Amino acid sequence: MRLPLITVTGHAQKEAWQNKVLPPIERLNGDVWSIPIPFPNNPMRYTLSYLLIGDGEAILIDPGWDSDVGLEHLAAGLRQAGFGLSDLTGIVVTHYHSDHLGMAARLRVASGAWVALGERESLGLKAYEDVDRFVQSDREELTLWGVPADRLLEVAMDRPTVAHLQNLASPDLRLTDRSQVPARGLELRVITTPGHSPGHICLVDEPHGLIFSGDHVLPRISPHIPLELPGLPNPLENYYESLDVIAFEDAMEVCPAHEYRFIGMQRRVAQLIQHNLDRSHEVLRVLESHRPQTVWDIAKHLTWSRGWGSLQAFSLRLAVSETASHVVYLRSQGHEIDVPITEPALVDGL
């Protein structure tokens, strides 16, 4: 089935993406700026941070990965818009991942700006005072999923990674679903969209005709929907529900956190739903033809863009956790799948 294509609007961004370089700083509708922040040593390459200017307010969406070079790029973008780091008054982060929240703590110190996350976003790792116990729990979960002993250390969380995640900025504000971001001169509505993370949010700027979609909807890549500890018990089901919520119209420009801008939210949502349904059907075919005993056994028989053999370290972890989310979803739809999974309870980070 061929679905309608989206309309690319960020042409310079798409060209930069194809050429594997950083896209330019761009001024969008009104006083809205797109500022790319480098995401080093990662195939995503950059996070698109957005600056919105209100009445004496300067709000930054998704400040990106924390690094000195990233701070230089952000400062350059702010200068082009006529602002400095100290002029920031608020930082809104779509979800609790390092390539979005990473620089927030440094910026809060530099500017005094508040930091906001969605009310349902989990800060679960902060609840684990015993880092070693969390690392052990993670390894036990992956072992249950069938990760071989000789790949376990490669795939599992280690102590430095957990410590890094625990040190990300805690929010000063929690944003509720359908609320407005507290910024004078801006009309920025919060839409709660769990799936990619437990409390991911999108932001709708109707006066400027913009939707800031974070990682919930990207123009080319299907966002990773993981089963994680801690996390959502059935993240793929939540993701489908969130896609339905955000697909309320098709003419506003979508400003994602990666890749490039486009028009056609409803069209892209239809593609993402179909992609994930196709993936679930592939999981069922693997179950029927290979009789796998574990999540790992399922994952290694699925189709991966660069091939199963190319997956290493974090990308391999993503593949296994994504497969697990499909298993949980299919079970919730009535399919009997006899592979071991301990469904994670959401750890409340409030």
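Predicted model: local features only at pLDDT ≥ 70, side-chain atom pairs only at ≥ 80, totals over all residues.
Q: Which strands form the open sheet, and in what order?
A: Six strands make up the open sheet, in the order S1-S13-S12-S11-S10-S9. The pairing is mixed.

Q: And which strands sit at the edges?
A: Strand S1 (7-8) and strand S9 (189-192) are the edge strands, and each pairs on one side only.

Q: Start from S9, then. How many bridges join S9 to S10?
A: There are 4 bridges between S9 and S10, and the two strands run antiparallel. Ile191 stands opposite Cys202 in S10.

Q: Next one along: how does S10 run against S11, parallel or antiparallel?
A: Antiparallel, with 3 bridges joining S10 (residues 201-205) to S11. Val204 stands opposite Ile211 in S11.

Q: What lies between the strands in that hairpin?
A: The hairpin of S10 and S11 has 4 residues between the strands. In this hairpin Gly209 takes a positive phi near 70°.

Q: What about the pairing of S11 with S12?
A: S11 and S12 (residues 253-256) run parallel and are joined by 4 bridges. Gly214 has Pro256 in S12 as its bridge partner.

Q: How does the chain get from S11 to S12?
A: The chain crosses through helix H8 (residues 235-246), in a β-α-β crossover that is right-handed.

Q: Is S11 covered or open, then? How many of its residues are buried?
A: Strand S11 (residues 210-214) is mostly covered, with 5 of its 5 residues buried.

Q: Which residues go on which side?
A: Leu210, Phe212 and Gly214 lie on one side, and Ile211 and Ser213 lie on the other. Both faces are covered. As a rule, side chains in a regular strand alternate between the two faces of the sheet.

Q: How many residues of H11 are buried?
A: In H11, 14 of the 20 residues are buried, and the helix is mostly covered.

Q: What comes after H11?
A: Gly334 follows H11, and its phi is positive, near 100°.

Q: What lines the largest cavity?
A: Its lining is Asp138, Glu141, Leu142, Trp145, Leu227, Glu228, Leu229, Arg317 and Ser321. By class, that lining has 4 nonpolar, 1 polar and 4 charged residues.

Q: Which helices supply that lining?
A: Helix H5 (131-144) and H11 each supply at least two residues of the lining of the largest cavity. The largest share, 3 residues, comes from H5.

Q: And what lines the second largest cavity?
A: The lining residues include Gly195, His196, Pro226, Glu228 and Pro235. By class, the lining of the second largest cavity has 4 nonpolar, 4 polar and 1 charged residues.

Q: What about the second largest pocket, what is its volume?
A: The second largest pocket has a volume of about 150 Å³. Among the residues that line this pocket are Leu284, Arg291, His335 and Val339. By class, the lining has 5 nonpolar, 2 polar and 3 charged residues.

Q: Now single residues. What is the phi of Asp62?
A: Phi of Asp62 is near 55°, which is positive in a residue other than glycine. Most residues other than glycine have a negative phi.

Q: Where is Asp62, and why does Asp62 count as buried?
A: Asp62 is in the loop between strand S5 (58-61) and helix H2 (68-80). Asp62 counts as buried because its relative accessibility is 2%, and the cut-off is under 20%.

Q: And Glu259, what is its phi?
A: Glu259 is not a glycine either, and has a positive phi of about 70°. Glu259 is found in the loop between S12 and strand S13 (262-263). Glu259 is buried, with a relative accessible area of 0%.

Q: Last one: is Ala149 buried or exposed?
A: Exposed, because Ala149 has 74% relative accessibility. Ala149 is in helix H6 (residues 149-155).

Conventions: Residues numbered from 1 in each chain as written. Heavy atoms only, no water. Buried < 20%, exposed > 50% of the residue type's maximum accessible area, 1.4 Å probe, protein only. Pairing = 2+ DSSP bridges. Right-handed = clockwise from strand over helix to strand, strands pointing away. 1 Å grid on protein atoms, 1.4 Å probe; cavity = no way out; pocket = protein on both sides within 12 Å on 5 of 7 lines; lining within 4 Å. Points joined across faces, edges and corners; volume = space filled by probe spheres on them. Nonpolar A, V, L, I, M, F, W, Y, C, P; charged D, E, K, R; others polar.
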